[in-house]
There are 2 protein chains.
Amino acid sequence: MRSSLYALSIVFLVCPSMAFSGTRLVDYVDPRIGSEGLGRVVVGPCAPFGMVRPSPDCTPSPNSGWLPMPERVDGFSQVHVSGTGGGPKYGNILLLPFNGGSDHTGMYDYRENETILPAYYSCSFKSGIKTEITSTERSVAYRFVYPESGTRNLKIDAGFFLGETPVPDAREAQQFVGSEIQVISDCAVSGYSRIRGGWNNGRAYTVYFYLESDVPFSETSTWKGENVTDSKFQIDTGEKTGALLRFGEKGDTVNVRVGISFISELKARYNCEKETKGKSFGQIREELLGRWEELLKRVEIDPTAQEEHKRMFYTALYHTMLMPSDRSGENPLWSDPVPYYDDFYALWDTYRTSMPLMTLIDSGRVSEIVNSLVNICKRDGFMPDARSGNCNGRTQGGSTADIVIADACVKGVAGIDYDEALRAMLVNATVPPGGNEEAEGRGGLREYLELGYIPHGIARAGNRTVEYSLCDFAIHQVAKCLGNDSLASFYLRQSESWKNLWRDDYEHDGARGFIMPKDASGNWLDELPFGHSKSQRPTYRYTPLTFEGPWYTPWWNMFFYEASSWEYSLSIPHDVPGLIARCGGNEAFDRRLDTFFEKGYFNVNNEPSFMSPCLYHWIGRPDKSGERVLDIIRENYDDSPQGLPGNDDSGAMSSWLVFNMCGIYPNAGHDYYLIHTPVLKSAAFKLESGKTFKITADNLSADNRYIIQAYLNDVPYDYSTIRHSDIMKGGELRLVMGAMAGKWGERMFEESEVKK
Amino acid sequence: MRSSLYALSIVFLVCPSMAFSGTRLVDYVDPRIGSEGLGRVVVGPCAPFGMVRPSPDCTPSPNSGWLPMPERVDGFSQVHVSGTGGGPKYGNILLLPFNGGSDHTGMYDYRENETILPAYYSCSFKSGIKTEITSTERSVAYRFVYPESGTRNLKIDAGFFLGETPVPDAREAQQFVGSEIQVISDCAVSGYSRIRGGWNNGRAYTVYFYLESDVPFSETSTWKGENVTDSKFQIDTGEKTGALLRFGEKGDTVNVRVGISFISELKARYNCEKETKGKSFGQIREELLGRWEELLKRVEIDPTAQEEHKRMFYTALYHTMLMPSDRSGENPLWSDPVPYYDDFYALWDTYRTSMPLMTLIDSGRVSEIVNSLVNICKRDGFMPDARSGNCNGRTQGGSTADIVIADACVKGVAGIDYDEALRAMLVNATVPPGGNEEAEGRGGLREYLELGYIPHGIARAGNRTVEYSLCDFAIHQVAKCLGNDSLASFYLRQSESWKNLWRDDYEHDGARGFIMPKDASGNWLDELPFGHSKSQRPTYRYTPLTFEGPWYTPWWNMFFYEASSWEYSLSIPHDVPGLIARCGGNEAFDRRLDTFFEKGYFNVNNEPSFMSPCLYHWIGRPDKSGERVLDIIRENYDDSPQGLPGNDDSGAMSSWLVFNMCGIYPNAGHDYYLIHTPVLKSAAFKLESGKTFKITADNLSADNRYIIQAYLNDVPYDYSTIRHSDIMKGGELRLVMGAMAGKWGERMFEESEVKK
């Protein structure tokens with residue numbers, strides 16, 4: 001709370017023109033939440049699903065570029081991803097205002113203070129130069145205020161990128177390909193940066209820029225490699241290039257606008273002029289705030305909620321709408337009249353909650369994204385599981401675009417050709433992806449189809465098997481929607497493949513039955529062989545708590561990716577009843593869940609356990625789901641910079657929080673939400689139809705944390721789930737809270753739904 | 001002969017400055033040979049392995065762009081491939097000089113006359129405008145001479161490309177992605193064209209250009225789509241763009257220089273200025289002729305040879321050095337300090353004769369190409385079998401880069417890391433390529449490894465099996481060179497896989513034993529199932545002469561690609577003794593070969609039968625090999641525009657001719673050449689060491705067409721092969737010809753070589 005007031009005071013002090021009367025929802029957005037620690041969200045000004053995400057770049061830098069003071073700042077680059085882990089991507093076209101001599105290119109500076117707000121970033125350097133940043137979708141506006149004394153200079157580094165390593169070929173490292181720069185007038189510079197690799201091991205992408213200043217340059221120089229010259233341009237010869245500009249005239253303030261494009265320098269200029277021409281810095285910021293306000297107000301929460309909860313909620317909603325990047329019209333690979341999105345980073349993270357949340361508040365966006373995914377399959381051969389820099393790359397487990405499509409389909413998202421989408425899903429399910437089998441599609445597909453599971457020896461055998469089962473269920477769902485019963489049945493059967501790795505008699509910590517490694521001959525493996533030596537056959541013990549192998553076993557080659565068997569053995573969202581049966585029935589499952597949470601086997605900071613707290617629903621105990629959810633939020637989420645317990649992963653963590661604060665949770669690929677104790681007394685979804693669906697929790701308090709009764713549009717409602725179609729009708733789900741759990745919610749579905 | 005004199009007279013008439021005294025070898029190059037009919041060679045001025053290949057583009061157009069008069073001309077585009085079949089590629093940045101109004105963009109013209117010479121193209125249009133073209137490696141020089149009356153205009157079409165179809169997604173069709181153009185001064189224009197697809201179904205490539213005129217523009221307009229405006233630029237919005245220029249001042253001649261780049265417009269400008277600045281049209285042409293002369297004189301043939309033979313020979317040598325394209329420093333995908341070649345179109349065509357010929361006359365080029373292939377594997381995952389537009393695509397059969405490497409290795413080509421090259425070969429041999437399995441690597445690899453052959457149901461099962469065997473042998477060769485005996489043995493065994501499709505008891509036209517389709521269960525198939533209907537199971541009969549299936553069976557899905565079993569059952573170059581044994585021994589093999597040629601089963605216009613005429617060597621009858629070769633050349637090759645019997649395929653046909661005219665023929669991947677009756681009385685190879693190796697044929701005449709004795713450096717030489725290392729030592733192979741075949745050449749190798 002203190003830090004937020006501080007930020008507001010800064011705004012009033014330094015940006016009086018930006019002060020506003022009356023509170024807007026966007027005022028509750030604090031981009032610092034989740035910026036430190038594991039969260040890794042981008043702090044700079046961003047448009048919803050925007051193409052640019054400017055941010056200061058600190059050394060050493062996470063993918064978001066930013067680190068808290070006192071880290072040094074290399075400058076401000078224009079493109080970042082938000083909340084991602086692993087190797088870096090982007091960090092292109094770096095600006096750094098500086099004063100003093102300009103005979104070298106390696107300058108940097110240190111912050112003395114910093115302000116981070118939605119649609120606004122500013123900092124003052126030790127040099128006395130102040131930088132303010134706001135943005136549009138594809139352009140960035142800078143306002144530099146230089147001290148009276150000293151020169152007013154700007155460095156443009158077209159060779160900079162995040163995560164440069166001494167071994168440029170290192171896995172996940174970005175690698176420099178080329179760059180170019182030219183001073184095209186006394187107030188404009190253009191150029192590009194071409195980079196390959198990065199987290200998704202992608203092909204080369206090119207970030208073009210066009211920069212225009214409102215103060216003419218009095219001097220310019222450009223560089224290539226180590227060589228600074230007075231040439232007006234530097235041609236791409238595979239070396240790093242940049243420019244040093246000096247601004248003439250009197251005055252302290254220089255406004256600079258930077259357009260970005262993935263197509264060309266002229267397109268970057270077009271983007272710059274279309275979005276910023278004739279607009280002041282303040283206007284640009286206000287317009288961006290207005291766009292956010294428009295989206296944020298689609299969910300109106302209890303106005304009396306705690307300020308912290310408001311900040312957590314609306315910041316989480318904001319984080320949900322940062323990624324992927326809308327690059328429609330900016331695709332250098334093909335030009336179809338279909339939206340084009342990039343930076344799926346990764347669908348494995350976002351299919352569970354981010355995409356379902358967007359379906360509730362902006363289904364048109366979901367339609368665009370799904371159409372983009374299907375079109376990528378048409379042109380590139382496969383839908384992405386992850387994609388960045390115009391290149392599919394890095395499947396973590398399943399081909400989870402399938403689940404995004406199934407979720408849209410069962411919820412009736414309009415504007416999608418589901419027949420074509422189904423064909424793209426069937427590519428995932430039937431065509432081996434080849435190569436290193438981690439770029440797209442389903443690695444180990446042939447083994448999966450032949451054996452019914454992925455055997456040990458293939459990377460991520462465990463979670464691939466589990467997730468391919470879920471993706472098969474997604475195909476079942478879409479085929480069923482389309483009336484293709486034979487296909488639906490086939491994939492429903494195949495969706496049981498997870499059972500082929502279920503080791504019934506394996507006991508661990510009181511639980512019986514785990515998903516465990518099996519070899520291609522069908523033998524369960526307690527000791528996993530690793531390494532390639534002919535004389536040695538080293539092994540290591542694999543247990544349901546194993547996360548890592550010996551140090552020379554790459555972590556992406558583990559049986560489960562980023563998780564243990566305790567987690568994945570509870571992650572069968574498409575067949576929880578089947579899972580419960582395998583676990584020994586309701587009581588055993590209840591105990592198992594309790595052990596899971598109480599022993600700390602639950603991993604709050606990664607997606608595979610996202611739905612685990614709600615599994616109590618399936619044994620008629622939504623009260624326990626609610627308890628777990630409230631505990632998790634209370635213990636792990638807050639409105640501080642460390643307020644996210646893991647990588648936000650393109651808003652995955654944040655959208656998990658949004659749902660759970662409202663008291664509903666989606667099971668992606670299914671048409672229902674699980675109802676549990678909310679954090680907020682009310683949340684009203686302003687539906688696209690113009691209707692409103694409101695969830696209220698009467699008498700909710702720290703003591704009254706159990707749902708004892710529920711009413712849907714004033715009719716008593718006994719089920720612990722609500723269907724998407726019922727939400728779409730508008731109305732109110734009224735929960736009556738009490739201090740003791742009762743019988744409410746013992747059943748999840750109406751009878752007709754039980755066997756689904 | 002007549003047409004060639006005509007061409008020379010044109011030169012003397014219209015280009016007196018280009019007349020030369022004393023005959024140069026390049027004067028024997030006639031780019032019209034193979035330009036009509038099936039040959040499809042590019043007729044425009046080209047540098048050796050150059051990046052640009054300008055040519056007039058006629059509608060409808062082959063890949064080379066050109067068609068003979070009276071076809072209309074759309075203009076002159078800057079990039080083409082030479083000799084290729086199938087769908088089109090390139091045809092980018094079209095120029096058309098015109099007079100009259102410039103309010104539309106769809107103009108074209110008709111030729112009244114045309115001159116095609118090495119390093120020079122010219123034509124006069126019905127409009128009275130004359131166009132002359134010459135080129136450098138990466139730039140094109142135009143000289144336009146306009147009639148006194150009328151305006152002097154030039155159209156630059158940045159949206160043009162070859163083979164636009166009404167169904168842009170058609171297989172092999174090029175598809176438009178985007179384009180851009182800007183008039184950057186009163187004498188310069190730059191822009192780009194971005195195209196995807198084409199024959200290799202490649203990702204988007206971008207051709208940037210920079211055009212400079214020696215006469216200032218008096219008026220300019222630009223267009224996008226249908227809309228012509230006076231704007232100085234057109235930004236890429238996924239539509240076609242172009243510019244219409246009018247030249248001011250008095251005079252009739254306008255010189256225009258066009259730089260091309262695959263990196264950027266600035267790089268295109270750099271290429272233009274570096275290669276053409278300050279040089280006249282005539283100088284540029286003379287320099288290019290000089291470069292060709294330097295290469296052509298590495299083989300000096302009998303100066304008394306027939307003029308037709310000289311033209312055939314040096315034109316074929318010229319055609320061998322057009323492709324692939326040296327794009328070092330022009331790779332938009334990565335920037336390694338390794339040469340970068342594109343337009344392998346395809347190695348399947350060129351591994352047999354083009355690459356071995358380059359090894360003899362310019363091994364440094366082979367080293368560059370192999371290093372490029374290995375580097376592509378490092379960066380893109382696989383070496384190409386075909387590659388164009390910076391994208392691997394379209395394997396036709398084997399992973400034939402393997403054979404290119406083996407050929408270089410056994411011949412000791414320096415400057416290659418063969419350990420790294422072997423690793424790239426092992427990727428082909430062990431990693432399934434995925435997707436549609438036709439872009440790179442070995443489709444059906446898992447079946448090949450599991451069953452020892454590719455079963456029916458996988459496209460091109462027959463020639464894939466045969467060619468994978470050969471590629472396995474290539475791995476054997478390299479592993480052996482490197483002393484890795486176990487790997488060498490493993491792949492030698494695997495190179496016998498062709499035998500698994502050898503159907504011993506199948507008889508056809510007197511021959512016994514053919515490579516025939518087999519299903520995955522091991523059943524031979526006389527009737528091949530096709531189609532997907534559940535109720536129907538249609539089949540068609542497959543025989544050793546079958547080329548095509550029912551019309552709805554795509555030809556690229558046939559058992560053999562572009563060939564019959566009669567052809568492929570003789571195409572086991574790495575184990576001809578094993579093949580002879582399977583065919584029933586020497587006599588049966590002799591009869592079989594005779595049937596093959598006499599019944600017309602031999603296909604002169606495709607590569608799989610390239611070595612078939614020389615198979616008589618293996619039964620001790622090099623005299624019959626010589627007869628076949630001479631007959632084939634006499635009946636199918638001449639110095640006319642139809643002088644090549646098939647697609648030249650990046651010089652494959654032409655390099656076959658060069659070898660056979662000299663009387664030697666390489667078995668790619670082996671270190672020897674087969675010796676047979678030459679067409680030429682002498683051919684002297686000027687080796688890079690400074691030594692010369694000369695092949696002479698004493699008494700050669702129409703009557704004396706048999707080698708009766710041979711001497712290597714004056715020592716009697718009885719074998720019908722000569723090793724590469726013996727050629728490299730320099731010296732002379734003197735063949736003594738007679739009217740009757742004798743005992744010469746009954747043995748192929750020295751004893752120690754027999755069991756290789």
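The paragraphs that follow take up the relation of the chains, their contact, selected elements and a few backbone features.

This is a predicted model, in which local features need pLDDT of at least 70 and side-chain atom pairs count only at pLDDT 80 or more, while totals for chains, interfaces and linings use all residues. Residues are numbered from 1 along each chain as its sequence is written, chains are lettered from A and ligands numbered from 1 in the order in which they are written, and side-chain values use heavy atoms, with hydrogens and water left out.

The size of an interface is often given as the accessible area lost when the parts come together. Here chain B and chain A bury about 3,000 Å² between them, and 50% of it is on carbon and sulfur atoms (buried area is the accessible area, with a 1.4 Å probe, that two parts lose on being put together, summed over both). In chain B, the residues that lose the most area to chain A are Arg196(B), Leu266(B) and Arg446(B), together 19% of what that side buries.

Six salt bridges are counted between chain B and chain A (a side-chain nitrogen of Lys or Arg within 4 Å of a carboxyl oxygen of Asp or Glu). One salt bridge joins the side chains of Glu447(A) and Arg446(B), at 3.1 Å from N to O. Between chain B and chain A there are also 21 residue pairs in polar contact, both residues at pLDDT 80 or more. A polar contact is a pair of N or O atoms within 3.5 Å; within protein, one must be able to donate a hydrogen and the other to accept it, and residues adjacent in sequence count only if both atoms are side-chain atoms.

Helices (H or I, at least four residues) and strands (E, at least two) are DSSP runs, numbered from the N terminus. Helix H8 of chain B, residues 401–410, has nine of its ten residues buried (under 20% relative accessible area; exposed is over 50% and partly exposed in between, with a 1.4 Å probe and protein chains only). What covers the buried residues of H8(B) includes helices H5, H6, H7, H9 and H11 of chain B. Just after H8(B), Gly412(B) takes a positive phi of about 70°.

In chain A, six of the eight residues of strand E12 (217–224) are buried, so E12(A) is largely enclosed by the rest of the structure. E12(A) runs antiparallel to strand E15 (241–247) of chain A, joined by seven bridges (two strands pair if DSSP finds at least two bridges between them). Within this pairing, Glu219(A) has Arg246(A) in E15(A) as its bridge partner. E12(A) also pairs with strand E13 (227–229) of chain A in the antiparallel sense, over three bridges. Two residues lie between the strands of the E12(A) and E13(A) hairpin, where Gly225(A) takes a positive phi near 60°.

His574(B) sits in the loop between helices H13 and H14 of chain B and counts as buried, at 10% relative accessibility. A polar atom of its side chain lies 2.9 Å from the backbone oxygen of Ser495(B).

Most residues other than glycine have a negative phi, and most peptide bonds are trans. Tyr90(B), not a glycine, has a positive phi of about 65°, and at 0% relative accessibility Tyr90(B) counts as buried. Asn201(B), also not a glycine, has a positive phi of about 50°; Asn201(B) is partly exposed, with a relative accessible area of 36%. A cis peptide bond joins Thr59(A) and Pro60(A), with omega about -5°.

Definitions and conventions. Contact means heavy atoms within 4.5 Å.
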